[in-house]
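Work through the exercises below with the structure open beside the text. Each task is followed by a solution in steps.

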Amino acid sequence: MDIFLQQLINGLVLGSIYALVALGYTMVYGILGLINFAHGDIVMVGALVTLTVTQALAGSGLPAPVILLIAACAAIAVCILLGISMERVAYRPLRRAPRLAPLITAIGISMLLQYSAALIWGKQYMPMPELIKTDHYAVAGAQFTGLQAFIFLLACAVMAGLLWFIKTSRIGQAMRATEQNPDVAGLMGIDTNRIISFTFLLGSALGALAGVMVVLYYGLGHYFMGFMLGMKAFTAAVLGGIGNVPGAMLGGMLLGLIESLASGYIGDLTGGVLGSNYRDIFAFLVLILVLVLRPSGLMGQRVSDRA
Amino acid sequence: MKRRHLLSVVAALALAVIYGCGKEAPPPAPKAAAPAAAPAPEMITVKIGSASPLTGPQAHIGIDIRNGVQLAVEDLNAAGVEIGGKKVKFEMVAEDDEANPTKATTVAQKLADAKVAAVVGHFNSGASIPASKIYADAGIPQISPSSTNPKYTQQGFKTTFRVVAHDDQQGPTLGKFAIEKLKAKSIAIIDDSTAYGQGLADAFEATARAAGAKIVAREHTTDKDTDFSAILTKIKGRKPDLIMFGGIDPQAGPMVKQMVSLGIKAKFIGGDGMQTPNFIKLAGDAAEGMMASMPGLPKDQMPGGKAFVEKYKAKFNAEVELFAPMGYDAVMVFVEAMKRAASADPAKFLPEVGNTNHQGVIGPIAFDDKGDLKNGPITIYVVKGGKWEALETVTPGAPESAEPKAAEKSDAAKK
Amino acid sequence: MNPVATRRALSPRQRWLAYLVIAALLLALPFAVDALLGRAWVRIIDVALLFILLALGLNIVVGYAGLLDLGYIAFFAVGAYSYALLASPQFGIHGSFLLLLPLGALVAGVFGIVLGAPTLRLRGDYLAIVTLGFGEIIRIFLNNLNRPVNITNGPQGITLIDPLQFGGIALNQSYSVGGLTIAPVHGYYFVFLACALLAIIISLRLEDSRIGRAWVAIREDEVAASAMGINTRNIKLLAFAMGATFGGISGGLFASFQGFISPESFTLLDSIMVLCMVVLGGMGNVGGVVLGAILLTALPEALRYVGQLQQAWFGAVYIDPSDLRMLLFGLALVLMMLFRPAGLWPSSTRRREFAIEDEAGDEERANA
């Protein structure tokens, strides 16, 4: 039983990370109808910036939380800059082009980010200095660390904050209007270009935050780390209903739990025919099943002709 | 009129082409030793190919190999070598295979085109295997410094050799060590689903099972993953006293970290892929007490190890990564075979490569009939105080070990 | 070079002559390259021909039917493994390639339908992601089907795959014909050339056929196409199946050419490479796709010298040529879409489609 509980905790932590990344996908998709393939790589840049700043400041004698705060701010700043310029340069001119075009630029941007990172940081896995010794807690035989709890709470807080922001603030209302119909929103006096830029800003900032969490939790960074994470997070967003903020959260958590429980138990359930080697397949299978059976996702209401 | 003109042009072209082809087609494999026919006092040049990933994610290891080859070539040229009574100048031709099987065959063809006498490479088994076919066709002997896939030498080519223990040698040694020295009774095994990691883990599992240990879990991850909590949790439920990992440091590092945070108390052992300084950096404090094997003697016990490490550092201003000593020794093995055959012609010295008995940087080198390294010693290391320390050296396959030792003595005596 | 370009200007007889000249040049090419640049370049040409075959297959899916497939390499893998499993010591079966290549194509075609069927309703970005997932699923299966029963030999791959054999002539041996040495690379060149030419002809014929026009109609506007009486389901499935078939054949050829395959030859990066060839060359235009495939195979080889130049000039390699290649590809994808979205050598309809900011684009967005 404690093992099962432990797997649940593992799944929730993993799911929180997926959810944080998925929020970025879902926001951009909601407004632009564009899969921002490069979002996973924004997370990677956030992680690597955090790592570099932390390494540089590790010997400076500053208290650990201050170092982390500086590093996180740097990561968020860099990612916001990247996100906004990415939208301006690569996506905005193509807003009226056939759908294939922005999709292909997105792949191109993703490659550019990855290999620029490879040039800047090299291709080695880089260790994150261990600043905070994590403390362990135990509940009914299952263990978790303070950091894991923090990641879970952060994901929940970010989602709640985002939801509140979109529902109540003026800019949030403008975002929803743009999402409904950009042309009409423009007629109503909303500067849709600014709103779209802001969406990228917010998405990139969340991506950077996810990057900080990833690098803290796993303790290493690498130029290719954003890709698989991005794929999984996108799956989570689709699972929950893309364009839907609570959906991304739910999807992330569910995917984390599915992966964790599946790789933990599938070997026993199938008598050793399938094993944890098929772990990455679960995400893709879930993705295909959702798209085929319920394209709008678990929490999506709109049935778009796209899917 | 116009048409006839065109026709004649075509005819002329076709003729020219056919004639040109007949002429231009390279003569069947002119040998590297062709210059040997020249008057005696002349210096002959012998090209040694080096093929490894010089770019891409594994570039650091590939460059390490190339540096080893370069060091050997420079040492040989400085010492001045005579083969069959002629002075020889060695030249390295380094090619980048990008760790890509398709590129590897192109590079192999390039080296064959360049008429190298011998090739040190490739790094990955996935590159060495397809390339070996091209070297075999061209009759060029190939020594891989690092490819551990057993299949590499099982293809029936006379030209394939390696100076590294393959997975079926290292795995069982690890297994024996785990059962006999660590007294492991129940073992969990994880591999990274690569040819290297899985090969090692499979060989380990077979030995451990045969010795009566219980394999309580056999799990897999990938060489890109960083989250192992699910499989580690499952393993925790089975309460093994040892966890064996077939894979490399980017996974091993976070894995031991996550072991600690899950409260797993089992010992942890892996292969040469995680016996790196980076593992300790990635794992932090969790690395303490973890073990890994590495083919060859500890560097400070290698016959020429200490000198080699210092020479390497002076020359390249970098630490020896992993396989530079193997690359260095591979060149020496070739040159000694050339000396014995009194020829740098691959067709002549190839049979001599199989008869190698060389006291190299990595230890005694001799090949079995397939071209595999005979009973190389394997050293087990443990992390102590944030550093890898040699725990003990194991020589696999005890019954056969008497022979090479005797031979080695006679070799030493000759010197 | 391109038959299409010469067709209009020349009379039928001159056209035949032009074909003859081209044929003579193509026949002589490997030997000339061998003599001038070395055999390695003949091998590079062989690989380029394989990629032409692959890119033409993807062109049917992406270029003609407008379905973005990011997992195309999976069909290549399926073809390669079909051939390798039935023509190697793995199961001790040594089938003839005359049987195995069509079989590989068939199996790949079936996989194409298996992928196509559930994704019929998906468009654009969703389809891209699902095909990407499909490609990864295939690779993961190939990598793991060595336990509990060993089928694919897992990550260790399959060695000693049979070469192509015509009667008693095996293409992995060197032969001498009238003083002309025909090395394996030459033999394979002719086989690959024949396949590539066949693929070019099929693609050209398809383009102007009923089916080809139906694909274009679906690409331009699926709803309108279906209103015009096109069975969009079958036509889309046909695009997937045809594209996959090309991939399957080139996979089989690749396996016999290399003699060794392992799952690491079939990664997402390879899918993206093939996509780059199609996009950069010109989606929907056979000539453009061929050009793209040749350029993208030759470019990395040329970029190798960049590393050597850096070494010579600065004493160190600052920009890793393989990174540079990927950076250039990424940059090229972005710049192409911004400034020349129809590719280097665009098809006429594609150019029109990308050039005009048409109503259809607006409408689609509004519906989204």
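**Exercise 1. Secondary structure and overall form of chain A**

Task: State how many helices and strands chain A has, and why chain A can be called as compact as a globular protein of its length.

Solution. Begin with the elements: in this predicted model, chain A contains eleven helices and four strands. Next, take the radius of gyration, which is 19 Å for chain A. The globule rule gives 19 Å for 307 residues, and the two values are close, so chain A is as compact as a globular protein of that length. For the outline along the principal axes, the C-alpha atoms of chain A fill a box of roughly 60 × 50 × 35 Å.

**Exercise 2. Burial and contacts within chains A and B**

Task: Find what percentage of residues is buried in chain A and in chain B, then describe the contacts by their separation in sequence.

Solution. A residue counts as buried if 20 or more other C-beta atoms lie within 10 Å of its own. By that cut-off, 58% of the 307 residues in chain A are buried. In chain B, 59% of the 415 residues are buried. Then consider contacts between residues at least 6 apart in sequence. In chain A, 77% of these join residues at least 24 apart; in chain B, 68% of these do.

**Exercise 3. The side of chain A that touches chain C**

Task: Give the number of residues on each side of the contact between chains A and C, and name the element that supplies the largest share on the side of chain A.

Solution. Chain A brings 39 residues to the contact and chain C brings 40 residues. On the side of chain A, the elements giving two or more residues are α4 (100-121) and α11 (279-293) of chain A. The largest share, 14 residues, belongs to α4(A). Sorted by class, this side of chain A holds 27 nonpolar, seven polar and five charged residues.

**Exercise 4. The side of chain B that touches chain C**

Task: Repeat the analysis for the contact between chains B and C.

Solution. Here 36 residues come from chain B and 39 residues from chain C. At least two residues each are supplied by α1 (2-24), α3 (101-113), α4 (125-138) and α6 (195-210) of chain B. With nine residues, α1(B) provides the largest share of the side of chain B. The classes on this side are 14 nonpolar, 14 polar and eight charged.

**Exercise 5. Domains of chains B and C**

Task: Identify the domains of chain B and of chain C, and describe how the domains meet within each chain.

Solution. Start with chain B, where the assignment gives domain 1 (34-165 + 299-374) and domain 2 (168-295). Their C-alpha centres are 32 Å apart. Seven residues of domain 1 of chain B contact seven residues of domain 2 of chain B. The domain 1 side of that contact has three nonpolar, four polar and no charged residues.

Now turn to chain C, which is divided into domain 1 (1-37) and domain 2 (38-279). The C-alpha centres of these domains of chain C lie 27 Å apart. Five residues of domain 1 of chain C and eight residues of domain 2 of chain C form the contact. On the domain 1 side, four residues are nonpolar, none is polar and one is charged.

**Exercise 6. Strand β14 of chain B and its partners**

Task: Which strands pair with β14(B), and in what sense?

Solution. Chain B has 13 helices and 15 strands. Strand β14 (residues 378-384) of chain B is mostly covered, with five of its seven residues buried. One partner is strand β11 (residues 291-295) of chain B, joined to β14(B) by five bridges and running antiparallel. Within this pairing, M294(B) has T379(B) in β14(B) as its bridge partner. Another partner is strand β15 (residues 387-394) of chain B, paired with β14(B) in the antiparallel sense over seven bridges. Here V383(B) stands opposite W388(B) in β15(B). The hairpin of β14(B) and β15(B) has two residues between the strands, and G385(B) takes a positive phi near 60°.

**Exercise 7. Confidence in chain B**

Task: Where in chain B does the pLDDT stay under 50?

Solution. First take the average pLDDT of chain B, which is 82, with 85% of the residues scoring at least 70. The pLDDT stays under 50 over residues 13-39 of chain B, a stretch with 40 contacts beyond four places in sequence in the model. It is also below 50 over residues 398-415 of chain B, where the model has 15 contacts beyond near neighbours in sequence. Where pLDDT is low, predicted coordinates should not be read in detail.

Conventions: Residues are numbered from 1 along each chain as its sequence is written. Chains are lettered from A and ligands numbered from 1 in the order in which they are written. This is a predicted model: local features need pLDDT of at least 70, side-chain atom pairs count only at pLDDT 80 or more; totals for chains, interfaces and linings use all residues. The radius of gyration is taken over C-alpha atoms; the globule rule is 2.2 Å times the number of residues to the power 0.38. A residue is buried if 20 or more other C-beta atoms lie within 10 Å of its own, exposed if 12 or fewer, and partly exposed in between; C-beta atoms are placed from the backbone. Two residues are in contact if their C-beta atoms, placed from the backbone, lie within 7 Å. Ala, Val, Leu, Ile, Met, Phe, Trp, Tyr, Cys and Pro count as nonpolar, Asp, Glu, Lys and Arg as charged, and the others, Gly among them, as polar. Domain bounds come from an automatic or database domain assignment. Two strands pair if DSSP finds at least two bridges between them. pLDDT is the predictor's confidence in each residue, from 0 to 100.
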